[in-house]
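Morning, everyone. Let me put the model up, and then I'll walk through a few spots.

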Amino acid sequence: MAWSTTTWVMAALAPIIVFLAGHLFLGIARKITARIHRRRGPPVMQQFIDVFKLFGKRTSTTHSWVQDMGALFAVIGVIACSLFIPIGGDPVLSFQGDVIVLVYLLAIAPLGMALGTGSTGNPNSAIGVSRGLMLMLAYELPFAIVIVTIIVHFKTASLGEIVEAQKGFLDWAILSLPLSAIAADLSLQGMLGEKPFDQPVAPSEVASGPMVEFGGKYLGMLMIWHAMSVVVEAGLFVNLFLGGGVLFGGGTTLALIGNIFVWLALTLTVFIFSIFINSVFGRFKMGQALKFYWGFPTLIALIGLSIAVLSNLGVF
Amino acid sequence: MKEDTLSDVDTKSENYVPGHTTVQEALGYINAHLPDLKVKLLSSKRGEILVEHSIKGEVLTRLKEEGFDHFAALSCIDMIDDDRIQLVYHVWSYGSKGHILVKTELPRKDPSTDTVYRIYRPAITYEREIKEMFGVDFPGNPRLTQFILEDWEGPPPMLKDFDTEAYAVEHFGIARRDLPSKPPQPKKGGES
Amino acid sequence: MDDEPRGGLLDQSGMEITNLPERGFLRKLADWASARSMWILYYCTGCGAVELPPVMTSRYDMERYGMGPMATPRQADLLLITGYLSVKTLKRVVRSYEQMQDPKYVLGHGSCTIDGGMYWDSYATVKDVGLYVPVDLYLAGCMPRPEAILQAVERLQGMIMDGTADGWMRYKRDYKFYRENQDKVFKRGPDWALEEPVLK
């Protein structure tokens, strides 16, 4: 299939937009968290400075090439994800069935990092990796049910078409599938790694878990991965439930630029909401997190799925 | 170490009954049993017994059976003027809330006395510390390895004839401000 | 009180530094970023560490300087030696310092790091920490209050941006000197990396 100019341009810009937005959003989140704590907080550009400092380190110790591969997997995985998320209504590289592909791609990065960090032999990283994978097991269950609900409701498995079908406020899926939206938002808290679900990267418990042996440039790559994955995951929620940020119709470049900003604003709103939850909660124990995710969110996701299926069959 | 000891008192089990012998009664029993020990009642809740170090094991076992089964501390005093080292075993009773000090004395040269860890298990660590700091040997204690001072090669530092300032000056550079020399500065510019 | 944070044009023994190495633009930019984002190793060595929680919490907020506590030496840039160092702790501090990645800075808090402080005649603590790890800035006090700590942080930021916070370079250049002093007080175990760090 031939790619139009827009596709080429958006495919080139998508990782850059996600990169810049990710670090900016994390900086805003740190500022907001600081204000909640009644203190000043770092400047909003602090994440850029942190990443720049990490890449400016002179030595970066690494244990083996497998560890380097781990950091690389994380960054490449999330860049690949950012190409499949529709940004501002433009489908970028979206295709039929890409919702399922995206769920798999989102898992590559933590698995790659687990591979890399497991090769270091540090027991803290092994604990951190096992906790991270257990948490993934927990939040993927309600999230997968929500994805199936979306596919059933919109009768398509392409993110681009899902965004297309939500033109206008009243078509937003959050209004037609409210229970699934709640379940997806709860899963999002675990995907983003915000409290109460930040067990894998618990600084005081497992000395930052998978990141324990990464320093210098490798830590810089992991920070880039974290920032970009924030935008990718929150952006996925926006695309599924909040209409993909399509406010200006018309298909002109100006409208596209406007839609991109709306999409970024909605992503920021979703992320700030999870930051609010993050700043008032402690951290759950691993068992509590598993029990929680397989309880309430799975229940309401299943109810949402049955409502969608029954409404499809014409029952109501 | 899984040596058999009668020292593991589980105060949280249902079968534990704290003994209610008061200090006065316990001192009385000791006096009746071993009349040539110096026994003194310091207050209604505190008493002291002076023993020869060879029979302290008997005295402590008897006290433990009377209900003084909490081993509070083992302290060591370097009486350099009398050329002796005094060890004080502090035992306490949960029932009567009484405190008994069992004091023994050792000669200052090569001090050594049998371990009591088989009677009171916590003594194993106190003896380890005293071995390191005062040099008192406790044959029978399986855990007399280096404790707090890593890579220590000097004399036991808590003895009163150990000149800590001279040791610090010799090993760590200047300590006293009136010494004229400064520590060596690293040379600038890469020459070494 | 300085109006702008300038530091270290005089070195530890009072001599003026005139031979600062030339830094290119990128290195200057990297130093600027280093100064604005120092991550401290959350290793509280002595009693001076009790003044760190007030600095980290809301009143004296160190996060606005870009500083944050990190859990492992591999991720940290700044090692705070807060207080006395017994020989046992010195061994661990040197081991952590060698695991940190360049460029790395050491800030000596408290009088105990300068000349032994209150423990000047103790048989178990080291007196001048600068003999064992290269210290960039000393901060006197027993222990220094949060305002003093923040003033030292600003001064250290000035030193980093000037390029005079070169403790990590000194460690490699004068490694024999530091190693001799360390071997006088403790023995390295067989599982330490014994290769000599080389200044590239």
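Start with Gly168(A). It counts as exposed, because it has 10 C-beta neighbours inside 10 Å. The cut-offs: 20 or more other C-beta atoms within 10 Å is buried, 12 or fewer is exposed, in between is partly exposed, with C-beta atoms placed from the backbone. Gly168(A) sits in the loop between helix 6 (159–164) and helix 7 (173–176) of chain A. Helices here are DSSP runs of H or I, at least four residues, numbered from the N terminus. From Gly168(A) to Ser125(A) is 43 residues in sequence and 46 Å in space, C-alpha to C-alpha.

A word on the source. This is a predicted model: local features need pLDDT of at least 70, side-chain atom pairs count only at pLDDT 80 or more, and totals for chains, interfaces and linings use all residues. Residues are numbered from 1 along each chain as its sequence is written, chains are lettered from A and ligands numbered from 1 in the order in which they are written.

Now the chains. Which pair has the most contacts? Of the two pairs of chains that touch, it is A and C. Contact means C-beta atoms, placed from the backbone, within 7 Å. Chain B puts 18 residues against 22 of chain C. That side of chain B has nine nonpolar, six polar and three charged residues. The classes: Ala, Val, Leu, Ile, Met, Phe, Trp, Tyr, Cys and Pro are nonpolar; Asp, Glu, Lys and Arg are charged; the others, Gly among them, are polar. Chains A and B share no contact; their closest C-alpha atoms lie 20 Å apart.

Definitions and conventions. Helix = DSSP H or I, 4+ residues; strand = E, 2+ residues; numbered from the N terminus.
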